[in-house]
Amino acid sequence: MSAIAPPEPPLAVAGLRKSYGGQTVVAGIGFAVPAGTCFGLLGPNGAGKTTTLRCCLGLTAPDAGEIRLGGRAIPAEAGTARQRVGVVPQFDNLDPDFTVAENLLVYGRYFGLGDAAIRARIPALLEFAGLAGKEKARIQSLSGGMKRRLTLARALVNDPDIVFLDEPTTGLDPQARHLIWERLKRLTAQGKTLILTTHFMDEAERLCDRLAVLDHGTLVVEGAPRALIAAHIEPQVVELFGDGAAAWAQAHRALGERLEVAGETAFFYCRDVAPLLAALAADADAGRHYVHRAANLEDVFLKLTGRELRD
Amino acid sequence: MSDPRSRPYALPRPGLRWLPVWRRNFLVWRKLAIPSVLGNLADPLIYMLGLGYGLGGMLPQVSGVSYVAFLAAGTVVASTMNAATFEALYSAFSRMHVQKTWEAILNTPLSLDHVLTAELVWAASKSLLSGLAILLVVAALGLTASPLALWVIPVIFLTGLCFAAMGLIVCALAPSYDFFMYYFTLFITPMLLLSGVFFPADQLPALVQTLAGGLPLAHAVQLARPLLLGEVPANAVTHVATLLAITAVAFYIACVLTRRRLLK
């Protein structure tokens, strides 16, 4: 038996349940996030991600289950726990009447920080967010990407140990997304723990050390992105599209381990693609095109949660 | 334990951490202070001077004083009521529902009780400025000379707290800005006419008088008017206690309703 107990994870959830008006939104999920890692919560709209985040922050009391955040019981000690937590909400709620610096100053005060201490942090926070020299800029004059980065800087004003990010790059252009990704990598390198929700599978694959896929309030699968891909999906994918793609695919379905057809696009999931590629070359058609690629997290996600649209 | 959802009916436990939220509202106000004060001052002054001297010129004395001196106290508390009500309805609703300012604050160590306490005190603070501005004009016009008039200042603040607390209930229930029209039409405007602001309440039919006597604005008028005229108000303790009680009950209801709305 070890003399030293392992350190408590920054966030641990067990048996979490929540329903609204008889409709179950979270149906008994549990996970733990090790310190200094990025944990992803993925799932289609309505899967229960936002409710889970709200429960973790103590903004919604669960019907059942246990949550510990930063060593504190949630929701009983939520205020104390949030002292060491930063939040980037899904929708920007910066103060439109304030300048960039005033937004950080006013927000820092909510954590009980003194004005001098906050002002001393502002240049470094803006530097981190790629907003150096923008102290006096008004919020209305900022682009969507700049607002998002300021929201990230605001979430760091109390130098938190744990940062929650609810779809941090939704609506951003590729340049802005890459900058946010790079900054989030820096945060985990500094030892901070990140909990992230996203609809972008490339983002989750790139950033998350571990992730959980939620669907209909239950945890479908949890693990490291590469491990999930290896465990749940054939390694190679051939996407076939164009004239008669679906019909051709149905006629040749034996060439892949698994075939999925969505509209006029067919997805072959294969361990060995050589026979399929040979058949495609032999039966070339100018109107039919294909892409051969490695399986990715999106394939896993679609396999586990299905292709039907969610509200 | 301070679990907000499993105990939605718990008494508010504000502590002192609400102060940064009050300071946030103050910082916004400071940027718009001059138009805000002018706006709060112009409207009631036009009524007071127009009605007071215009209508008052045709009237004999009202309750033993000139009509404009009678109207002064009513104008002070009515403009306090309006300022507190507007802040707790439109401005608080903007911060809660449109700008999501409260949502941002709830992600910090602060709780909804802190936010609501700050909004209550802030709306009362802003209405204090409105009431004070009218009070200064009243003093400058020589409509009050007694040092007792200084006691109107806490009366203004208490009136502001009372109407802010009631306004926060309406804010918690509002689906949109349009909803506030009901509150003004069904509650604020009748109260303005029944509370002895423009004419002595004893002009009303006996039954209406009895009912109107319980209105918060009526209590505020019955405190402010004698004080401005240099007299100690009759039943002052009852009036103060009633305003405090309405504030406490209304604020409690506002807390419960807002928790149910936001901490689902």
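Trainee: Is A:Cys55 buried or exposed?
Mentor: This is a predicted model, in which local features need pLDDT of at least 70 and side-chain atom pairs count only at pLDDT 80 or more, while totals for chains, interfaces and linings use all residues. Residues are numbered from 1 along each chain as its sequence is written, chains are lettered from A and ligands numbered from 1 in the order in which they are written, and side-chain values use heavy atoms, with hydrogens and water left out. Buried means under 20% relative accessible area, exposed over 50%, and partly exposed in between (1.4 Å probe, protein chains only). Because its relative accessibility is 0%, A:Cys55 counts as buried.

Trainee: How many disulfides does a search of the whole structure find?
Mentor: A disulfide is a pair of cysteine sulfur atoms within 2.5 Å. For A:Cys55, the closest cysteine sulfur lies in A:Cys56 at 6.9 Å, which is too far for a bond, and for B:Cys255 the closest one lies in B:Cys171 at 12 Å, again too far. Over all chains, the number of disulfides found is 0.

Trainee: Which residue in E13(A) is the bridge partner of A:Val237?
Mentor: Strand E11 (residues 236-242) of chain A runs antiparallel to strand E13 (residues 265-270) of chain A, and 5 bridges join them. In E13(A), the partner of A:Val237 is A:Tyr269.

Trainee: Is B:Glu87 buried or exposed?
Mentor: B:Glu87 belongs to helix H3 (residues 67-98) of chain B. Leaving aside residues up to four places away in sequence, B:Glu87 touches B:Ala92, B:Arg95, B:Trp122, B:Ala123 and B:Lys126, where contact means heavy atoms within 4.5 Å. With a relative accessibility of 4%, B:Glu87 counts as buried.

Trainee: What is the mean pLDDT of chain B?
Mentor: The pLDDT is the predictor's confidence in each residue, from 0 to 100. In chain B, 97% of the residues reach 70 or more, and the mean is 93.

Terms used
Two strands pair if DSSP finds at least two bridges between them. Helices (H or I, at least four residues) and strands (E, at least two) are DSSP runs, numbered from the N terminus.
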